[in-house]
Amino acid sequence: MAARKVLVADDDETTLFVLGTVLDLEDFEVTLVADGDAALSALLAAPSDAAVLDHAMPGRTGLEVIEALRADDRTSTLPVVLLSGVDRDSLPADPLAAGADGYVSKPFSPLHLIELLQQLMDDRSRR
Amino acid sequence: MSIQSGDDLQVMREQLLLFADDLRTMTVAERQRAQEAESALRELNGAYVSMVRTLAVVCEMKDNYTRGHLDRTYQFAIALTRRVAPELTSDVSLGYGYLLHDIGKIGVPDAVLNKPGPLDEDERRLMQLHPLNGVQLVSGIKFLGDAVHIIRSHHERWDGRGYPQGLAGDDIFLPARIFSIVDAFDAMTSNRPYRAGMPIHAALEEVDANAGTQFDPDVAAAFVKMCDELGLGDADADVGALTIVR
């Protein structure tokens, strides 16, 4: 089976390093970007199997990237998990209602996040 | 990077601790996977050994005069390999080769195989086909690895006058050179319906006398030394004593 491709977008180096390392060790093909605009153009340019987006990033926020992804046929069903350092209630919109498939608050267990991604990707391929 | 607030550092610290904990979990899981793989491999190797043994015993049953030959030669060959080529002892395929060396005899007619007396020329030719018959038989069995070279070359001679290829010296696969000595020694010391087995000390003198012609001189010397150290050379012990190599 070909390695599943996952894009991670976060302006926090620690998060990128931690998630990038564990995804790599678990045999995913990882793309790391540090802002929302780069995330959106990368996801639209090449097919990915899932994405993890921080909410508070330079350029588009995570929620804004999700909105744009959902509006595009190529990425309308892409499994996306929103990451955030703030409480879910403090976000401008409820992430699941805004199109995210999952929500994880920092600090997080990378393995749990990967389990969630795996589950979302499996659900999607069963549909 | 900007100067981070105390809160940011606290989150980073917690994040790294979670990361470390996950790495530990992954390492433990990986270690367990490796152990499981290793035990599966051991089981598979065990299955291979039983399969090879069964094949070898089937072949031995056909040959009335070789009962016990298989076990003795196997034990001797392994012990001698440990002495002359310790780096090869981890190669399990050599054990397969020692057990299956005569598998090709399955294609030799019973009348020739069990003939009570010397063979005539036609019969000898048939008998001498057994190494290549054996190679052909096992050629499709990948896990036998280098065993095939023992099956093919255990009747080659150091001086090049053996069969089937007439290879000489170092061109003969070392474990085959080891086995040819063990095999000849066992044949000399075993009783046949038409003759009694030679005493061990006489057989050892014979091995020594043929070092450099029939046998690799270094391996022959190591074999004689091994038997001396095991106390086989000084007594008139019968072949039953040979099992002490275990």
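**Entry 1: chain B, surface and make-up**

I looked up the accessible surface of chain B in this predicted model, and chain B exposes about 13200 Å², of which carbon and sulfur atoms supply 55%; such areas come from the Shrake-Rupley method with a 1.4 Å probe, and for residues only the protein chains shown count as cover. I noted that residues are numbered from 1 along each chain as its sequence is written, that chains are lettered from A and ligands numbered from 1 in the order in which they are written, and that side-chain values use heavy atoms, with hydrogens and water left out. The model being predicted, local features need pLDDT of at least 70 and side-chain atom pairs count only at pLDDT 80 or more, whereas totals for chains, interfaces and linings use all residues.

I then read the elements of chain B and found 10 helices and 0 strands, where helices (H or I, at least four residues) and strands (E, at least two) are DSSP runs numbered from the N terminus. Of the 246 residues in chain B, 39% are buried, a word that stands for under 20% relative accessible area, with exposed for over 50% and partly exposed for what lies in between (1.4 Å probe, protein chains only). Among contacts in chain B between residues at least 6 apart in sequence, 63% join residues at least 24 apart, a contact being heavy atoms within 4.5 Å.

**Entry 2: one helix of chain B**

Which residues of helix H6 (residues 130-138) of chain B are buried? I found B:His130, B:Pro131, B:Gly134, B:Val135 and B:Val138. They cover an arc of only 145° around the axis, so they lie on the same side of H6(B); the arc is taken from the directions from the helix axis to the C-beta atoms. I also checked what covers these buried residues, and the cover includes H5 and helix H7 (147-153) of chain B.

**Entry 3: the sheet of chain A**

The 5 strands form an open sheet with parallel pairing, in the order E2-E1-E3-E4-E5, where two strands pair if DSSP finds at least two bridges between them. Strand E2 (29-33) and E5 of chain A are the edge strands, each pairing on one side only, and the twist averages 20° from one strand to the next. I noted for myself that strands of a sheet pair through backbone hydrogen bonds, either parallel or antiparallel.

E1(A) and E2(A) pair in the parallel sense over 5 bridges, and A:Val6 stands opposite A:Val30 in E2(A). Helix H2 (residues 36-45) of chain A packs on the sheet, where it touches E1, E2 and E3 of chain A, and its direction makes about 165° with that of E1(A); axes are lines fitted to C-alpha atoms, for helices over the stretch in contact, and angles run from 0 to 180 degrees between N-to-C directions.

**Entry 4: salt bridges**

How many salt bridges does the structure hold over all chains? I found 22, a salt bridge being a side-chain nitrogen of Lys or Arg within 4 Å of a carboxyl oxygen of Asp or Glu.

In one of them the side chains of A:Asp122 and A:Arg4 meet at 2.9 Å, N to O. A:Asp122 lies in helix H4 (residues 110-126) of chain A and A:Arg4 in the segment before strand E1 (5-9) of chain A, so this pair ties together parts that are 118 residues apart in sequence. A:Asp122 is partly exposed at a relative accessible area of 27%, whereas A:Arg4 counts as buried at 19%.

A:Lys106 forms a salt bridge with A:Asp54, and their closest N and O atoms are 3.4 Å apart. A:Lys106 counts as buried at 16% relative accessibility, and A:Asp54 is buried with a relative accessible area of 3%. Salt bridges that share partners join A:Asp10, A:Asp54 and A:Lys106 into one network.
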